[in-house]
Amino acid sequence: MHCTMDDLLALRAGEASVWARRHVEDCAVCRAELDGLYQRVAQLKALPALRPPRDRWSVVRDAARVVRVRRRRTWSAWSLAAAAALAGVLLVPRFGSRGTLHAELSQAKEQSATLEDQLQRYDVDAGC
Ligand SMILES: [Zn+2]
């Protein structure tokens, strides 16, 4: 059995198990893998550091604004649908007992309060 990539990374960090350290001394395949790992790390470190240009902020801000508006439109559509459903619940005549109607009304009130709560939370999250 050869070293896993975790074993090789631990070897590189000086935290390998006794088995891995002994195995690498005896196994040419794993030693070659470890050498390759060292080389790849060195090549990665040699890459130039990329820094985003500072004038990208306006582009990022505009993109974020578009996403926010799109989300608000989705929410508006949902709240309209919810209001329509609520109106349906309230306006459809009920022939059941008064108890059932009362229960449905308080359920509708609860749903309305929850919806309002969520809309307010959404506005707070959106920073408006
Ligand atoms: Zn090996």
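Biologist: Which domains does the domain assignment of the chain give?
Modeller: This is a predicted model, and its bounds come from an automatic or database domain assignment. For this chain the assignment gives domain 1 (5-46) and domain 2 (74-126).

Biologist: What distance separates the centres of domain 1 and domain 2?
Modeller: The centres are taken over C-alpha atoms, one for domain 1 and one for domain 2. Between these two centres the separation is 63 Å.

Biologist: Which residues of helix H2 (residues 18-26) are buried, and where do they lie around the axis?
Modeller: In helix H2, the buried residues are Ala20, His23 and Val24. Because they cover an arc of only 100° around the axis, they lie on the same side of H2.

Biologist: Which helices are included in what covers the buried residues of H2, and which exposed residues does the face turned away from the buried side carry?
Modeller: The cover over the buried residues of H2 includes helix H1 (5-13) and helix H3 (28-46). On the face of H2 turned away from its buried side, the exposed residues are Arg22, Glu25 and Asp26.

Biologist: Which helix gives the most to the nonpolar patch on the surface?
Modeller: The patch is formed by Val89, Leu90, Leu91, Leu101 and Leu105, which together have about 430 Å² of accessible area. Helix H4 (57-91) and helix H5 (98-125) each supply at least two of the patch residues. The helix that gives the most, with three residues, is H4.

Biologist: Does Val89 count as buried, partly exposed or exposed, and why?
Modeller: Val89 lies in helix H4 and is one of the residues that form the nonpolar patch. Its relative accessibility is 31%, and the class between under 20% for buried and over 50% for exposed is the partly exposed one. Val89 therefore counts as partly exposed.

Biologist: Is Ser79 buried or exposed, and which residues is it in contact with, leaving aside its neighbours within four places in sequence?
Modeller: Ser79 is found in helix H4, and because its relative accessibility is 18%, Ser79 counts as buried. With its neighbours within four places in sequence left aside, Ser79 is in contact with Leu115 and Leu119.

Biologist: What distance separates the C-alpha atoms of Gln118 and Trp75?
Modeller: Gln118 has its place in helix H5 and is partly exposed, with a relative accessible area of 36%. Along the chain, Gln118 and Trp75 are 43 residues apart. Their C-alpha atoms are separated by 9.9 Å.

How values were computed
Residues are numbered from 1 along each chain as its sequence is written. This is a predicted model: local features need pLDDT of at least 70, side-chain atom pairs count only at pLDDT 80 or more; totals for chains, interfaces and linings use all residues. Side-chain values use heavy atoms; hydrogens and water are left out. Buried means under 20% relative accessible area, exposed over 50%, partly exposed in between (1.4 Å probe, protein chains only). Helices (H or I, at least four residues) and strands (E, at least two) are DSSP runs, numbered from the N terminus. The arc is that of the directions from the helix axis to the C-beta atoms. Contact means heavy atoms within 4.5 Å. Patches are made of residues with over 30% relative accessible area and no salt bridge: like charges are joined within 9 Å, nonpolar side chains (Val, Leu, Ile, Met, Phe, Trp, Tyr) within 5 Å. Accessible areas come from the Shrake-Rupley method with a 1.4 Å probe; for residues, only the protein chains shown count as cover. A salt bridge is a side-chain nitrogen of Lys or Arg within 4 Å of a carboxyl oxygen of Asp or Glu.
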